[in-house]
Amino acid sequence: MKRLKYSWVFFLSILFVGCIGTDIVEEVIVDTEVAITSRIQSLAVGESFQFEADFFDELGERVSSDIVWSSDNDQIVSITSGGLATAIAPGDVIIRAVSGAARDSVMLTAGAVTVFGPLERSGNFRGLRNYRVNGSFTLTENGNNLELTFSSNFSSSNGPGLFVYLSNNASRTNGGIEVGRLQRNSGSQTYTISRDRAQLDTYNHVIIYCKPFGAAFGTGKFED
Amino acid sequence: MKLIKGLILTVLLLSGTTSLQAGGGWPIPKGKGYFKLGEYFIRSNSYYSPSGEIIDIATASIYITSAYLEYGLTHRLGVTAYVPFFSRATLNEQVSSNGTVLAAGDAVNSLGDFDLSLKYGLIVNKPIVVSASLTFGLPLGNDSGGDTQVLQTGDGEFNVMLGLEASRSFNKGKGYVSTLVAFNNRSNNFSDEFRIGIEVGHKIGSKVNGALKVLSVNSLNNGNDLETPSNGIFSNNIEYLAITPELSYNLKKNLGISGAIGFAASGKRVLASPSYSLGIYMNF
């Protein structure tokens with residue numbers, strides 16, 4: 001009987017082991033990055049345009065930073081160090097944005113009219129580690145918001161706590177933004193994102209992410 | 001995320017019966033019984049993904065306090081009950097190295113999924129004995145618990161498992177070997193399972209018994225992955241090859257304690273760390 005009593009003490013002591021612990025998540029260091037977010041393709045001679053870009057630090061976080069702009073031919077398009085470009089004469093130039101070791105560039109045509117690129121990007125999902133995630137998605141500008149739409153052919157393996165992220169890494173959410181809880185495992189669905197949080201070109205990947213366990217189920221890269 | 005270091009093995013204890021029944025192919029003698037109070041726990045920060053690859057995850061834990069009972073109704077027919085009367089699942093909080101809380105921890109306490117079984121001796125009093133078992137898995141656990149609603153102490157599905165066990169003793173009754181084949185029919189879009197297992201045991205001295213259990217669980221992949229969980233120890237389409245050494249020590253003629261560590265050579269959709277089981281048992 002005495003042994004039985006001690007056994008209860010033993011089992012109860014085991015229960016207390018079951019406390020919620022703490023995991024220290026080590027930061028992943030990545031290269032700093034500059035991403036030009038303006039989607040202009042052509043600028044009319046005589047007109048000006050303010051370029052925009054985002055800077056991502058070594059933790060992948062989008063932070064403010066001094067970005068220096070330049071043109072490879074100031075006789076065609078001149079640009080201030082703050083990014084205000086003016087078309088001088090017809091021709092093609094490369095516009096560069098630099099912050100420290102990070103840089104990005106786009107081609108700009110100076111011509112008769114100002115032309116912006118399409119305000120839409122799209123891509124296709126693929127599963128990771130044999131999780132099934134399929135279908136296509138589009139990201140469009142709509143006033144002050146972006147709209148991320150999964151098409152009717154979207155489907156994903158089920159799992160606890162699945163969320164949608166925009167990120168610049170194919171499988172990690174560091175530095176990305178949480179768009180919202182996955183609305184359903186299949187079919188068309190739309191998520192609204194304030195343009196205060198991201199621009200059309202800020203992020204390059206959409207991730208389906210099991211947030212509680214920190215595992216990516218699927219990913220898709222914008223193809224344009 | 002933490003790096004995976006060293007040998008990482010897996011484990012499991014699922015809602016369905018996971019190891020060979022105590023007694024193997026031998027039916028429970030009429031009027032006799034076996035009772036065990038057990039504690040099972042696993043704590044893991046790694047996980048076998050559906051491809052079988054080990055990946056890092058937030059540390060998840062399961063603690064199950066259970067009672068297990070066998071009783072012989074006749075010389076051929078017996079009943080068994082696995083009653084996890086207290087199950088606790090936890091998820092660690094996630095804190096970045098600079099102290100920022102990335103995700104709060106979570107926990108849920110509830111009953112677990114019960115198993116009730118009937119076991120019938122098909123071939124008795126022969127060198128090789130065979131029995132059949134019918135197990136009902138009752139989904140009394142919580143399949144969506146905690147603040148995050150992602151913690152589970154059960155799979156939320158009712159299952160029926162038909163098993164066949166064969167056993168024989170050797171070395172003048174000091175040792176035994178048992179084999180198992182079973183088909184687990186699961187509901188709620190979960191895939192059915194085919195299980196095979198073998199258990200070898202032997203006396204070690206006068207008071208100690210040792211056993212080695214090997215169990216292979218294979219999904220038939222005939223469920224619907226879109227409708228069932230696929231990232232937890234109660235997931236759909238779980239597969240594993242578990243190897244569980246166990247030692248028991250007889251304190252008295254009818255009273256003893258046992259301990260086991262569960263490993264696995266491979267797995268899919270299961271936590272990838274050793275599990276531990278402790279128990280105190282009595283025969284009556």
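**View 1. The largest nonpolar core of the predicted model.** This core holds 48 residues, of which A:L148, A:F150, A:V164, A:L166, A:V206 and A:I208 touch the most other members. A nonpolar core is here a set of buried Ala, Val, Leu, Ile, Met, Phe, Trp, Tyr and Cys residues joined through side-chain atoms within 4.5 Å. Buried denotes a relative accessible area under 20%, exposed one over 50%, and partly exposed the range in between, computed with a 1.4 Å probe on protein chains only. The most is given to this core by strand β2 (residues 54–72) of chain B, with seven residues. A second, separate core of 21 residues includes A:I67, A:I79, A:A87 and A:A110. In soluble globular proteins, nonpolar side chains tend to be buried together. The model is predicted, with local features requiring pLDDT of at least 70 and side-chain atom pairs pLDDT 80 or more, while totals for chains, interfaces and linings use all residues. Residues are numbered from 1 along each chain as its sequence is written, chains are lettered from A and ligands numbered from 1 in the order in which they are written, and side-chain values use heavy atoms, with hydrogens and water left out.

**View 2. Surroundings of A:V206.** Apart from neighbours within four places in sequence, A:V206 is in contact with A:F125, A:F137, A:L148, A:F150, A:V164, A:Y165, A:L166, A:G218, A:T219, A:G220 and A:F222. Contact means heavy atoms within 4.5 Å.

**View 3. Aromatic residues of chain A.** One aromatic cluster is formed by A:F125, A:F137, A:F150, A:F154, A:Y191 and A:F222. Over all chains, the structure holds 18 aromatic pairs. The ring centres of A:F125 and A:F137 lie 4.7 Å apart and their planes stand at 55 degrees, so this pair is tilted. Rings of Phe, Tyr and Trp (its six-membered ring) pair if their centres lie within 6.5 Å; planes under 30 degrees apart count as stacked, over 60 as edge-to-face and the rest as tilted. The pair links distant parts of the chain, since A:F125 belongs to strand β13 of chain A and A:F137 to strand β15 (residues 136–142) of chain A, twelve residues apart. A:F125 is buried, with a relative accessible area of 7%, and A:F137 is buried at 1% relative accessibility.

**View 4. A lysine over a ring.** A:K211 lies over the face of A:F163, at 4.7 Å from the ring centre. A charge sits over a ring if NZ of Lys or CZ of Arg is within 6 Å of the ring centre and within 35 degrees of the ring normal.

**View 5. The eight-stranded open sheet of chain A.** The strands follow the order β19-β18-β21-β22-β13-β15-β16-β20, with antiparallel pairing. The edge strands are β19 (177–181) and β20 (189–194) of chain A, each pairing on one side only. From one strand to the next, the twist averages 25 degrees. Axes are lines fitted to C-alpha atoms, for helices over the stretch in contact, and angles run from 0 to 180 degrees between N-to-C directions. Strand β13 (residues 120–127) of chain A is joined to the antiparallel strand β22 (residues 215–222) of chain A by five bridges, and A:G123 has A:F222 as its bridge partner in β22(A). Strands (E, at least two residues) and helices (H or I, at least four) are DSSP runs numbered from the N terminus, and two strands pair if DSSP finds at least two bridges between them.

**View 6. The three-stranded open sheet of chain A.** The order is β4-β9-β8, with antiparallel pairing. β4 (48–50) and β8 (77–79) of chain A stand at the edges with a single partner strand each, so one side of each is left without a neighbour in the sheet. Three bridges pair β8(A) with strand β9 (residues 84–87) of chain A in the antiparallel sense, and A:S78 stands opposite A:T86 in β9(A).

View 7. Chain B has zero helices and 16 strands. Strand β16 (residues 275–283) of chain B pairs in the antiparallel sense with strand β1 (residues 33–48) of chain B over nine bridges, and with β14(B) over eight bridges. B:Y40 stands opposite B:S277 in β16(B), and B:S258 opposite B:G279. Most residues other than glycine have a negative phi. B:N125, in the loop between β7 (114–123) and β8 (129–138) of chain B, has a positive phi near 55 degrees and is exposed, with a relative accessible area of 78%. B:R269, in the loop between β14 (255–268) and β15 (270–271) of chain B, has a positive phi of about 65 degrees and is buried, with a relative accessible area of 10%.
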